[in-house]
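At each stop, select what is named and then compare the view with the description.

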Amino acid sequence: LISRPAGLNRLPAMSKRAAKARLVPASTAAPTATLVARLSRQDLERLLVRSVESGAVHRDDVLSLLPEAKQQAELPRLKHVGVSAARSGTGYFDDIDDDLLVKMILAKMPSDSRFVCAISTCKAWRSLRDAPELWSDIVVSSTGSLSRRGWGVMNGTHLLKLVAWLRNPGGVHSLSVEAGDSINPDAIKKALAAMPSLTSLSLSGKKITNAVLTHMAKQPAAKKLLRLSLDASGSVHAADALKLLEAAPNLTSLSLSSHLASDTSLMQLAAAAAAARGGGSPLLSELRLTRSFGGTCSWRCLSRLGDLFPELELLHVHNVSDNHYGDTCAASITAALARGAPFSVARLPRLRTLQIDELCGFTCNLGSDELESALGAVVAACPALQSLSVTHGAMWTGGSNPAPWQPLPTATRCLDELPASLEKLSLEQITLAPDALKACTLPRLRSLRLRDCGAETEMRTLAAELTEACPMLEEDKVQVHAYTGRRR
């Protein structure tokens, strides 16, 4: 873009991607203005600094583009910004109007820090209590695990005091409660009733009971919810969770403990959402089925998600198995293969991100034939996939009566139909055949991670071949970890 004089220090060696870019014929290369527009700000600044230091660009030319006030080593103190002074005696903050201070600075701070600014400082700051932008997002925790972005360690009494302190609880749009053992259900129910404008709700911990979910289902805010996360204990029933899900037909993001996500509950959720939209498809675009004791997403349930929620763009499932305990974890696929009927998955045309954390059961691993059939069907059903992460996991071999170890499944042809849109691929505890990825055409692949997928030599050979075949894949974006035989 700017010619480099002979005396300029030699630039770092070009990456593989840059070397390939050099081969583009001049007749097809983009104009200089277009290339400059594509550079990041950091790259532009670096390029300009090198050009000025080498003499290719004169320093006076840079100064001429800056106002006089910005040509000095230290910038002068800013003049008052805003309509009128909002406070006095607060140093530099005196010169910043509340509108700017609230929206551009304090609103980006954790909620507990905002609370400190409003009550634990001088009176000049007390007006922040009336700023609705600061109190639209409330995060509370009984354990302190959310304290870095919330209100620190709290109990039920603290929660009710906080709600009473708020000028307008109806202005709260996002509430996250990690109840633990300290925030009692009655306090949670009163807080939910005081916040009719919620569009985002996250509830987790032992004190999130059936009564809390049933109560929330009756609140006006239920119909307004766009994002819902339920990480409840095993004492919460799927039927009570379903009441809340059916009362929230406009959800675009849902995170649910696996034991609450049965085939029936997801089908009824989809039906309720479709009915609320006059027969239109549910709007759900993000679905996360999280870890819960003994909870799994069955292969039958996974195969239907495309029909139930065709707008899905992100799917994260902790465990996919038909039976978490026993000798087989994919009985439905085994039975289908015995009948000669291939396993099929409803298409997910908009899915961009897919993450599966476990395919194994607690006491059994998935068979190679079942893996080939299931993973091949999943890959074929996601033509727009950009990120794929699949971990098989490892069966439990401990206890007083340990089950014999079953080998990890082998992937041979199930990855052949990986879409050309794929940018990130992560595979773990799945043995890869030497040619498992040779049939793939992945022009956009930028990141590759292989862990416990076979012997180190074989995996590095496979990764090297894929790096050579994928023009966007750089060596520093490839991670290979040799098989260690890790077990539970």
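**First stop: a serine in a helix**

Begin by selecting S303, which you will find in helix α12, the helix that covers residues 299-308; keep in mind throughout that this is a predicted model. Is S303 buried or exposed? With a relative accessible area of 14%, S303 counts as buried, because that word is used for values under 20%.

If you then set aside the neighbours within four places in sequence, the residues in contact with S303 are F343, S344, V345 and A346.

**Second stop: two packed helices**

Two packed helices are described by the angle between their axes together with the distance between those axes. Select helix α13 (residues 331-338) and helix α14 (residues 368-380), which pack at an angle of about 95° with their axes 10 Å apart. The two helices, α13 and α14, are therefore roughly perpendicular to each other, since angles from 65 to 115 degrees are given that description. To see the contact itself, show I333, T334 and L337 on α13, and then D369, E370, S373 and A374 on α14. Sorted by class, this contact of α13 with α14 has 3 nonpolar, 2 polar and 2 charged residues.

**Last stop: a helix and the glycine after it**

Finally, select helix α3, residues 41-54, whose 14 residues reach 20 Å from the first C-alpha to the last, close to the 20 Å expected at 1.5 Å a residue. Move on to G55, which follows α3 and has a positive phi, near 95°.

Definitions and conventions: Residues numbered from 1 in each chain as written. Predicted model: local features only at pLDDT ≥ 70, side-chain atom pairs only at ≥ 80, totals over all residues. Heavy atoms only, no water. Helix = DSSP H or I, 4+ residues; strand = E, 2+ residues; numbered from the N terminus. Expected span 1.5 Å × (residues − 1). Axes fitted to C-alpha atoms, helices over the stretch in contact; angles between N-to-C directions. Parallel < 35°, antiparallel > 145°, perpendicular 65-115°, else oblique. Contact = heavy atoms within 4.5 Å. Nonpolar A, V, L, I, M, F, W, Y, C, P; charged D, E, K, R; others polar. Buried < 20%, exposed > 50% of the residue type's maximum accessible area, 1.4 Å probe, protein only.
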